[in-house]
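Reader: Hi! Could you take me on a close look at the ligand site in this model and at what surrounds it?

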Amino acid sequence: MDPAATSQISHLALDIGGTLIKLVYFSANGDHCEDSRSNEISVVHGKLCFAKFETKKIDDCLEFIRFNILHHSGVQHQNGMAHDKLSVKATGGGAFKFADLFKEKLGILLDKEDEMCSLVGGVNFLLKTVPREAFTYLDGQKEFVEIDHNDLYPYLLVNIGSGVSMIKVDGDGKYERISGTSLGGGTFLGLGKLLTKCESFDELLELSHHGNNRVIDMLVGDIYGGTDYSKIGLSSTAIASSFGKAISDGKELEDYQPEDVARSLLRMISNNIGQIAYLNALRFGLKRILFGGFFIRGLEYTMDTISVAVHFWSRGEAKAMFLRHEGFLGALGAFTSYKTQSHNDLKSNQHTVQRPILNCSGDNFRHIPVTSNLNDSETIECSISLV
Ligand SMILES: Nc1ncnc2c1ncn2[C@@H]1O[C@H](COP(=O)(O)OP(=O)(O)OP(=O)(O)O)[C@@H](O)[C@H]1O
Ligand SMILES: CC(C)(CO)[C@@H](O)C(=O)NCCC(=O)O
(Lines give C-alpha, C1' and ligand atoms only; values in the text may rest on other atoms or scores of the structure.)
(Ligands and ions follow the chains in the order given, each with its own letter.)
Protein backbone atom coordinates (compact mmCIF):
# COMPACT_ATOMS: atom_id res chain seq x y z
CA MET A 1 0.00 0.00 0.00
CA ASP A 2 1.16 3.45 -0.85
CA PRO A 3 2.23 5.22 2.39
CA ALA A 4 1.28 8.57 0.95
CA ALA A 5 -2.21 7.27 0.47
CA THR A 6 -2.58 5.90 3.99
CA SER A 7 -1.55 9.20 5.52
CA GLN A 8 -4.80 10.75 4.36
CA ILE A 9 -7.25 8.23 5.73
CA SER A 10 -10.07 9.76 7.62
CA HIS A 11 -12.77 7.28 8.39
CA LEU A 12 -15.82 8.66 10.06
CA ALA A 13 -18.78 7.60 12.20
CA LEU A 14 -21.71 9.72 13.34
CA ASP A 15 -24.19 9.72 16.20
CA ILE A 16 -27.00 12.10 15.36
CA GLY A 17 -29.06 12.68 18.49
CA GLY A 18 -31.98 14.83 19.51
CA THR A 19 -29.71 17.65 20.71
CA LEU A 20 -26.18 16.94 19.49
CA ILE A 21 -24.38 15.34 16.58
CA LYS A 22 -21.22 13.53 17.58
CA LEU A 23 -18.43 12.64 15.15
CA VAL A 24 -15.56 10.20 15.56
CA TYR A 25 -12.95 10.04 12.82
CA PHE A 26 -9.59 8.46 12.34
CA SER A 27 -6.68 10.67 11.45
CA ALA A 28 -3.50 8.91 10.40
CA ASN A 29 -0.06 10.09 11.52
CA GLY A 30 1.48 9.41 8.17
CA ASP A 31 3.67 6.50 9.30
CA HIS A 32 2.60 2.95 8.64
CA CYS A 33 4.10 -0.48 8.62
CA GLU A 34 3.38 -3.80 7.00
CA ASP A 35 2.02 -6.46 9.29
CA SER A 36 4.70 -9.14 9.64
CA ARG A 37 2.02 -11.86 9.43
CA SER A 38 0.84 -10.83 6.01
CA ASN A 39 2.14 -8.54 3.33
CA GLU A 40 -1.46 -7.70 2.46
CA ILE A 41 -2.16 -6.03 5.78
CA SER A 42 -0.90 -2.61 6.54
CA VAL A 43 -1.03 -1.13 10.02
CA VAL A 44 -1.68 2.58 10.15
CA HIS A 45 -0.94 4.62 13.24
CA GLY A 46 -3.01 7.62 14.09
CA LYS A 47 -5.65 8.86 16.43
CA LEU A 48 -9.36 8.90 16.89
CA CYS A 49 -10.60 12.48 16.89
CA PHE A 50 -13.87 13.80 18.24
CA ALA A 51 -16.17 16.64 17.33
CA LYS A 52 -19.70 17.68 18.19
CA PHE A 53 -22.34 20.02 16.74
CA GLU A 54 -25.81 21.03 17.79
CA THR A 55 -28.31 19.03 15.78
CA LYS A 56 -30.19 22.22 14.98
CA LYS A 57 -26.98 23.46 13.31
CA ILE A 58 -26.60 20.38 11.13
CA ASP A 59 -25.37 22.57 8.27
CA ASP A 60 -22.23 23.38 10.30
CA CYS A 61 -21.64 19.67 10.70
CA LEU A 62 -22.04 19.04 6.99
CA GLU A 63 -19.61 21.87 6.29
CA PHE A 64 -17.08 20.46 8.77
CA ILE A 65 -17.24 17.07 7.07
CA ARG A 66 -16.94 18.64 3.65
CA PHE A 67 -14.11 20.99 4.65
CA ASN A 68 -12.09 18.21 6.25
CA ILE A 69 -12.96 15.79 3.45
CA LEU A 70 -14.14 13.27 6.01
CA HIS A 71 -16.77 11.90 3.66
CA HIS A 72 -14.14 10.49 1.35
CA SER A 73 -11.78 7.66 2.02
CA GLY A 74 -9.07 10.26 1.46
CA VAL A 75 -7.17 8.03 -0.90
CA GLN A 76 -6.67 9.45 -4.29
CA HIS A 77 -7.23 8.01 -7.69
CA GLN A 78 -4.05 7.26 -9.59
CA ASN A 79 -4.44 10.52 -11.47
CA GLY A 80 -4.50 12.25 -8.11
CA MET A 81 -7.89 13.82 -8.62
CA ALA A 82 -10.88 11.71 -7.80
CA HIS A 83 -11.86 10.60 -4.33
CA ASP A 84 -13.72 7.48 -3.44
CA LYS A 85 -17.01 7.96 -1.59
CA LEU A 86 -17.73 6.27 1.71
CA SER A 87 -20.86 4.90 3.14
CA VAL A 88 -20.59 6.25 6.66
CA LYS A 89 -21.62 4.44 9.81
CA ALA A 90 -24.30 6.43 11.59
CA THR A 91 -26.45 5.91 14.65
CA GLY A 92 -29.04 7.85 16.65
CA GLY A 93 -32.44 9.01 15.44
CA GLY A 94 -30.86 11.46 13.01
CA ALA A 95 -29.36 8.59 11.02
CA PHE A 96 -32.93 8.02 9.87
CA LYS A 97 -34.18 11.59 9.96
CA PHE A 98 -31.30 13.12 8.01
CA ALA A 99 -30.31 10.26 5.69
CA ASP A 100 -31.63 12.07 2.62
CA LEU A 101 -29.91 15.31 3.60
CA PHE A 102 -26.48 13.63 3.87
CA LYS A 103 -27.03 11.94 0.53
CA GLU A 104 -28.13 15.13 -1.14
CA LYS A 105 -25.49 17.48 0.33
CA LEU A 106 -22.45 15.20 0.59
CA GLY A 107 -23.29 12.13 -1.41
CA ILE A 108 -22.86 10.11 1.79
CA LEU A 109 -24.90 6.99 2.31
CA LEU A 110 -25.62 6.56 6.01
CA ASP A 111 -25.07 2.97 7.02
CA LYS A 112 -27.39 2.78 10.03
CA GLU A 113 -26.33 1.11 13.25
CA ASP A 114 -28.76 0.53 16.11
CA GLU A 115 -28.48 3.23 18.78
CA MET A 116 -28.50 0.97 21.86
CA CYS A 117 -26.11 -1.50 20.23
CA SER A 118 -23.75 1.37 19.39
CA LEU A 119 -23.84 2.76 22.94
CA VAL A 120 -22.94 -0.63 24.36
CA GLY A 121 -20.28 -1.20 21.70
CA GLY A 122 -18.75 2.18 22.52
CA VAL A 123 -18.57 1.52 26.25
CA ASN A 124 -17.13 -1.97 25.81
CA PHE A 125 -14.52 -0.64 23.41
CA LEU A 126 -13.50 2.09 25.85
CA LEU A 127 -13.39 -0.17 28.87
CA LYS A 128 -11.39 -2.84 27.08
CA THR A 129 -8.90 -0.68 25.23
CA VAL A 130 -8.46 2.76 26.74
CA PRO A 131 -6.58 3.00 30.03
CA ARG A 132 -7.84 5.44 32.65
CA GLU A 133 -11.22 5.70 30.96
CA ALA A 134 -13.60 4.88 33.81
CA PHE A 135 -13.56 6.69 37.11
CA THR A 136 -15.59 7.24 40.25
CA TYR A 137 -16.33 10.64 41.70
CA LEU A 138 -17.13 10.98 45.38
CA ASP A 139 -16.41 13.66 47.97
CA GLY A 140 -14.58 15.75 45.40
CA GLN A 141 -12.22 12.88 44.56
CA LYS A 142 -11.84 11.48 41.08
CA GLU A 143 -10.48 7.95 41.11
CA PHE A 144 -9.69 5.97 37.98
CA VAL A 145 -10.92 2.39 37.95
CA GLU A 146 -9.25 -0.31 35.89
CA ILE A 147 -11.87 -2.93 35.32
CA ASP A 148 -10.70 -6.51 34.87
CA HIS A 149 -11.77 -7.56 31.36
CA ASN A 150 -12.87 -10.92 32.71
CA ASP A 151 -15.04 -9.20 35.27
CA LEU A 152 -16.62 -6.53 33.13
CA TYR A 153 -20.19 -7.81 33.07
CA PRO A 154 -22.86 -7.29 34.10
CA TYR A 155 -23.20 -3.55 34.39
CA LEU A 156 -25.90 -0.95 34.00
CA LEU A 157 -25.30 1.71 31.38
CA VAL A 158 -27.20 4.93 31.95
CA ASN A 159 -26.93 7.16 28.91
CA ILE A 160 -28.05 10.69 29.66
CA GLY A 161 -28.70 12.42 26.37
CA SER A 162 -31.79 14.48 25.58
CA GLY A 163 -33.67 11.57 27.15
CA VAL A 164 -32.22 8.79 29.28
CA SER A 165 -31.76 5.13 28.35
CA MET A 166 -30.86 2.47 30.89
CA ILE A 167 -29.30 -0.65 29.45
CA LYS A 168 -28.33 -3.83 31.26
CA VAL A 169 -25.16 -5.13 29.65
CA ASP A 170 -24.34 -8.81 30.06
CA GLY A 171 -21.63 -9.30 27.47
CA ASP A 172 -20.28 -8.27 24.09
CA GLY A 173 -23.40 -7.51 22.06
CA LYS A 174 -25.53 -8.93 24.87
CA TYR A 175 -27.73 -6.27 26.34
CA GLU A 176 -31.29 -5.18 27.08
CA ARG A 177 -32.75 -1.71 27.42
CA ILE A 178 -34.54 -2.13 30.72
CA SER A 179 -35.72 1.39 31.41
CA GLY A 180 -35.52 5.03 30.53
CA THR A 181 -36.84 8.42 31.47
CA SER A 182 -37.82 11.44 29.47
CA LEU A 183 -36.46 13.67 32.24
CA GLY A 184 -32.95 14.01 30.87
CA GLY A 185 -30.44 16.46 29.47
CA GLY A 186 -33.04 17.90 27.13
CA THR A 187 -35.29 18.63 30.09
CA PHE A 188 -32.46 20.39 31.92
CA LEU A 189 -31.59 22.51 28.92
CA GLY A 190 -35.17 23.12 27.81
CA LEU A 191 -36.50 24.12 31.21
CA GLY A 192 -33.28 26.00 31.93
CA LYS A 193 -33.70 28.13 28.83
CA LEU A 194 -37.31 28.94 29.68
CA LEU A 195 -36.63 29.70 33.33
CA THR A 196 -33.31 31.55 33.17
CA LYS A 197 -33.37 32.97 29.62
CA CYS A 198 -29.89 31.56 29.10
CA GLU A 199 -28.91 30.92 25.51
CA SER A 200 -26.75 27.83 25.70
CA PHE A 201 -25.91 24.74 27.71
CA ASP A 202 -22.55 26.22 28.70
CA GLU A 203 -24.22 29.37 29.94
CA LEU A 204 -26.71 27.32 31.96
CA LEU A 205 -23.87 25.31 33.50
CA GLU A 206 -21.99 28.49 34.31
CA LEU A 207 -25.07 29.90 36.01
CA SER A 208 -25.58 26.71 38.01
CA HIS A 209 -21.98 26.90 39.15
CA HIS A 210 -22.67 30.14 40.99
CA GLY A 211 -26.10 29.26 42.35
CA ASN A 212 -27.48 27.94 45.62
CA ASN A 213 -30.25 25.37 45.32
CA ARG A 214 -31.38 25.89 48.89
CA VAL A 215 -32.89 29.22 47.94
CA ILE A 216 -35.56 27.47 45.91
CA ASP A 217 -35.57 23.79 46.99
CA MET A 218 -37.62 22.87 50.05
CA LEU A 219 -35.35 21.01 52.46
CA VAL A 220 -36.32 18.47 55.12
CA GLY A 221 -35.25 21.06 57.68
CA ASP A 222 -37.64 23.63 56.19
CA ILE A 223 -40.49 21.26 56.94
CA TYR A 224 -39.15 19.88 60.25
CA GLY A 225 -38.19 23.17 61.86
CA GLY A 226 -34.49 22.82 61.22
CA THR A 227 -34.06 19.29 62.54
CA ASP A 228 -33.24 15.99 60.84
CA TYR A 229 -35.88 13.32 60.30
CA SER A 230 -33.38 10.77 61.48
CA LYS A 231 -35.92 7.98 62.01
CA ILE A 232 -36.19 7.57 58.22
CA GLY A 233 -32.60 8.58 57.51
CA LEU A 234 -33.18 12.07 56.18
CA SER A 235 -30.93 14.87 57.32
CA SER A 236 -32.27 18.41 57.66
CA THR A 237 -30.26 19.43 54.59
CA ALA A 238 -31.70 16.75 52.30
CA ILE A 239 -34.01 18.05 49.58
CA ALA A 240 -37.59 17.24 50.51
CA SER A 241 -39.08 18.87 47.43
CA SER A 242 -37.21 20.26 44.43
CA PHE A 243 -38.40 23.81 43.70
CA GLY A 244 -40.77 23.44 46.68
CA LYS A 245 -39.95 26.80 48.23
CA ALA A 246 -41.52 28.54 45.27
CA ILE A 247 -44.92 27.43 46.55
CA SER A 248 -44.93 29.65 49.57
CA ASP A 249 -42.20 32.24 48.99
CA GLY A 250 -44.71 34.57 47.37
CA LYS A 251 -42.12 35.33 44.70
CA GLU A 252 -42.34 35.57 40.94
CA LEU A 253 -39.76 33.89 38.71
CA GLU A 254 -38.03 37.26 38.25
CA ASP A 255 -37.47 37.47 42.02
CA TYR A 256 -35.20 34.43 41.93
CA GLN A 257 -31.61 34.57 40.77
CA PRO A 258 -31.17 32.59 37.52
CA GLU A 259 -28.09 31.04 39.14
CA ASP A 260 -30.20 29.49 41.92
CA VAL A 261 -32.84 28.26 39.49
CA ALA A 262 -30.15 26.65 37.30
CA ARG A 263 -28.57 24.99 40.33
CA SER A 264 -31.89 23.53 41.53
CA LEU A 265 -32.67 22.29 38.08
CA LEU A 266 -29.32 20.56 37.67
CA ARG A 267 -29.67 19.00 41.09
CA MET A 268 -33.23 17.85 40.41
CA ILE A 269 -32.43 16.17 37.10
CA SER A 270 -29.19 14.56 38.33
CA ASN A 271 -30.78 13.32 41.56
CA ASN A 272 -33.74 11.85 39.77
CA ILE A 273 -31.60 10.00 37.25
CA GLY A 274 -29.33 8.72 40.04
CA GLN A 275 -32.34 7.40 41.90
CA ILE A 276 -33.97 5.71 38.88
CA ALA A 277 -30.61 4.21 37.96
CA TYR A 278 -30.22 2.81 41.44
CA LEU A 279 -33.74 1.32 41.39
CA ASN A 280 -33.00 -0.41 38.10
CA ALA A 281 -29.67 -1.69 39.36
CA LEU A 282 -31.53 -3.06 42.37
CA ARG A 283 -34.10 -4.75 40.10
CA PHE A 284 -31.40 -6.80 38.44
CA GLY A 285 -28.81 -7.00 41.22
CA LEU A 286 -26.27 -4.87 39.35
CA LYS A 287 -23.48 -3.33 41.39
CA ARG A 288 -21.82 -1.25 38.72
CA ILE A 289 -23.58 1.68 37.12
CA LEU A 290 -21.82 3.48 34.27
CA PHE A 291 -23.10 6.92 33.37
CA GLY A 292 -22.58 8.35 29.91
CA GLY A 293 -24.11 10.93 27.59
CA PHE A 294 -23.28 14.57 26.94
CA PHE A 295 -25.39 15.82 29.84
CA ILE A 296 -22.59 14.96 32.28
CA ARG A 297 -19.84 16.92 30.54
CA GLY A 298 -17.39 15.96 33.29
CA LEU A 299 -19.10 18.43 35.59
CA GLU A 300 -18.17 17.80 39.19
CA TYR A 301 -21.47 18.95 40.64
CA THR A 302 -23.44 16.65 38.33
CA MET A 303 -21.20 13.65 38.98
CA ASP A 304 -21.22 14.31 42.70
CA THR A 305 -25.02 14.54 42.81
CA ILE A 306 -25.43 11.32 40.84
CA SER A 307 -22.79 9.50 42.91
CA VAL A 308 -24.31 10.64 46.18
CA ALA A 309 -27.78 9.57 45.01
CA VAL A 310 -26.52 6.10 44.06
CA HIS A 311 -24.47 5.78 47.23
CA PHE A 312 -27.30 7.03 49.45
CA TRP A 313 -30.07 4.87 47.99
CA SER A 314 -27.95 1.73 47.70
CA ARG A 315 -26.44 2.27 51.15
CA GLY A 316 -23.03 2.08 49.56
CA GLU A 317 -23.75 -1.21 47.73
CA ALA A 318 -23.73 0.16 44.18
CA LYS A 319 -21.08 2.30 42.56
CA ALA A 320 -21.56 5.11 40.06
CA MET A 321 -18.84 5.35 37.44
CA PHE A 322 -18.19 7.87 34.71
CA LEU A 323 -16.31 7.78 31.44
CA ARG A 324 -13.89 10.26 29.95
CA HIS A 325 -15.45 9.93 26.51
CA GLU A 326 -18.95 9.95 27.98
CA GLY A 327 -20.53 11.89 25.10
CA PHE A 328 -19.14 9.79 22.27
CA LEU A 329 -20.30 6.30 23.23
CA GLY A 330 -22.72 5.86 20.35
CA ALA A 331 -20.36 7.35 17.78
CA LEU A 332 -17.51 5.14 19.00
CA GLY A 333 -19.76 2.09 18.87
CA ALA A 334 -20.74 2.96 15.31
CA PHE A 335 -17.08 3.50 14.41
CA THR A 336 -16.01 0.13 15.76
CA SER A 337 -18.78 -1.56 13.80
CA TYR A 338 -17.00 -1.07 10.48
CA LYS A 339 -16.72 -4.55 9.13
CA THR A 340 -13.88 -6.04 7.18
CA GLN A 341 -14.59 -6.18 3.50
CA SER A 342 -13.40 -9.09 1.47
CA HIS A 343 -9.96 -9.22 -0.13
CA ASN A 344 -11.64 -9.81 -3.48
CA ASP A 345 -13.31 -6.44 -3.27
CA LEU A 346 -10.04 -4.83 -2.48
CA LYS A 347 -8.13 -6.42 -5.26
CA SER A 348 -10.71 -5.51 -7.80
CA ASN A 349 -10.55 -1.94 -6.56
CA GLN A 350 -6.80 -1.69 -6.44
CA HIS A 351 -6.35 -1.00 -10.10
CA THR A 352 -8.80 1.85 -10.13
CA VAL A 353 -9.05 3.49 -6.73
CA GLN A 354 -6.77 2.34 -3.95
CA ARG A 355 -9.23 1.94 -1.15
CA PRO A 356 -7.97 1.12 2.30
CA ILE A 357 -10.47 -0.93 4.19
CA LEU A 358 -10.84 -0.33 7.87
CA ASN A 359 -10.60 -3.46 9.84
CA CYS A 360 -11.49 -2.11 13.19
CA SER A 361 -13.73 -4.73 14.67
CA GLY A 362 -12.52 -7.57 16.83
CA ASP A 363 -8.83 -8.25 17.21
CA ASN A 364 -7.83 -6.23 14.21
CA PHE A 365 -8.72 -2.93 15.78
CA ARG A 366 -5.71 -2.45 17.94
CA HIS A 367 -5.37 0.33 20.35
CA ILE A 368 -1.82 1.05 21.43
CA PRO A 369 -1.97 0.95 25.21
CA VAL A 370 0.37 3.70 26.29
CA THR A 371 -0.27 5.13 29.72
CA SER A 372 -1.08 8.70 28.87
CA ASN A 373 -2.53 8.29 25.45
CA LEU A 374 -5.25 10.87 25.89
CA ASN A 375 -4.21 14.38 25.19
CA ASP A 376 -6.08 17.51 26.16
CA SER A 377 -8.51 17.28 23.30
CA GLU A 378 -9.35 13.72 24.32
CA THR A 379 -8.10 12.06 21.16
CA ILE A 380 -7.25 8.37 21.41
CA GLU A 381 -4.04 7.10 19.89
CA CYS A 382 -4.65 3.92 18.00
CA SER A 383 -3.68 1.88 15.03
CA ILE A 384 -5.87 0.23 12.46
CA SER A 385 -5.27 -2.60 10.07
CA LEU A 386 -5.94 -2.07 6.42
CA VAL A 387 -6.40 -5.06 4.21
N1 LIG B 1 -22.87 22.21 23.86
C2 LIG B 1 -24.04 21.65 24.20
N3 LIG B 1 -25.18 22.05 23.58
C4 LIG B 1 -26.36 21.50 23.88
N5 LIG B 1 -26.52 20.54 24.83
C6 LIG B 1 -25.43 20.11 25.49
C7 LIG B 1 -24.15 20.64 25.19
N8 LIG B 1 -23.25 20.01 25.99
C9 LIG B 1 -23.93 19.15 26.73
N10 LIG B 1 -25.26 19.20 26.46
C11 LIG B 1 -26.26 18.35 27.15
O12 LIG B 1 -26.20 17.09 26.55
C13 LIG B 1 -27.50 16.67 26.11
C14 LIG B 1 -27.37 15.88 24.84
O15 LIG B 1 -26.58 14.75 25.11
P16 LIG B 1 -26.29 13.65 23.99
O17 LIG B 1 -25.58 14.27 22.87
O18 LIG B 1 -25.63 12.52 24.68
O19 LIG B 1 -27.77 13.24 23.59
P20 LIG B 1 -28.49 13.20 22.17
O21 LIG B 1 -27.86 12.10 21.40
O22 LIG B 1 -28.52 14.53 21.56
O23 LIG B 1 -29.96 12.81 22.65
P24 LIG B 1 -30.79 11.47 22.42
O25 LIG B 1 -29.81 10.32 22.57
O26 LIG B 1 -31.82 11.46 23.48
O27 LIG B 1 -31.30 11.57 21.03
C28 LIG B 1 -28.29 17.94 25.94
O29 LIG B 1 -29.68 17.74 26.08
C30 LIG B 1 -27.72 18.82 27.04
O31 LIG B 1 -28.33 18.57 28.28
C1 LIG C 1 -35.60 8.11 22.41
C2 LIG C 1 -34.12 8.01 22.75
C3 LIG C 1 -33.72 6.54 22.79
C4 LIG C 1 -33.38 8.71 21.59
O5 LIG C 1 -32.01 8.73 21.85
C6 LIG C 1 -33.76 8.71 24.08
O7 LIG C 1 -34.05 10.06 23.99
C8 LIG C 1 -34.48 8.11 25.30
O9 LIG C 1 -34.10 7.08 25.75
N10 LIG C 1 -35.51 8.79 25.84
C11 LIG C 1 -36.24 8.35 27.01
C12 LIG C 1 -37.56 7.73 26.61
C13 LIG C 1 -38.19 6.97 27.75
O14 LIG C 1 -37.76 5.84 28.06
O15 LIG C 1 -39.08 7.50 28.39
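Author: Happy to! A polar contact here is a pair of N or O atoms within 3.5 Å; within protein, one must be able to donate a hydrogen and the other to accept it, and residues adjacent in sequence count only if both atoms are side-chain atoms. A polar side-chain atom of Lys22 sits 2.7 Å from an oxygen atom of ligand 1. Arg297 places a polar side-chain atom 2.6 Å from a nitrogen atom of ligand 1, while Gly163 uses a backbone N or O atom, 3.2 Å from an oxygen atom of the ligand. On its own, ligand 1 exposes 650 Å², and the protein buries 89% of that (Shrake-Rupley method, 1.4 Å probe).

Please keep in mind that this is a predicted model, where local features need pLDDT of at least 70, side-chain atom pairs count only at pLDDT 80 or more, and totals for chains, interfaces and linings use all residues. Residues are numbered from 1 along each chain as its sequence is written, chains are lettered from A and ligands numbered from 1 in the order in which they are written, and side-chain values use heavy atoms, leaving out hydrogens and water.

Around ligand 1 there are 19 residues (a heavy atom within 4 Å). Gly18, Thr19, Lys22, Ser162 and Arg297 are the closest. By class, this shell has six nonpolar residues (Ala, Val, Leu, Ile, Met, Phe, Trp, Tyr, Cys and Pro), four charged (Asp, Glu, Lys and Arg) and nine polar (the others, Gly among them). Strand S2 (20-34) and helix H6 (185-196) each supply at least two shell residues (DSSP runs: helices H or I, at least four residues; strands E, at least two). H6 gives the largest share, three residues.
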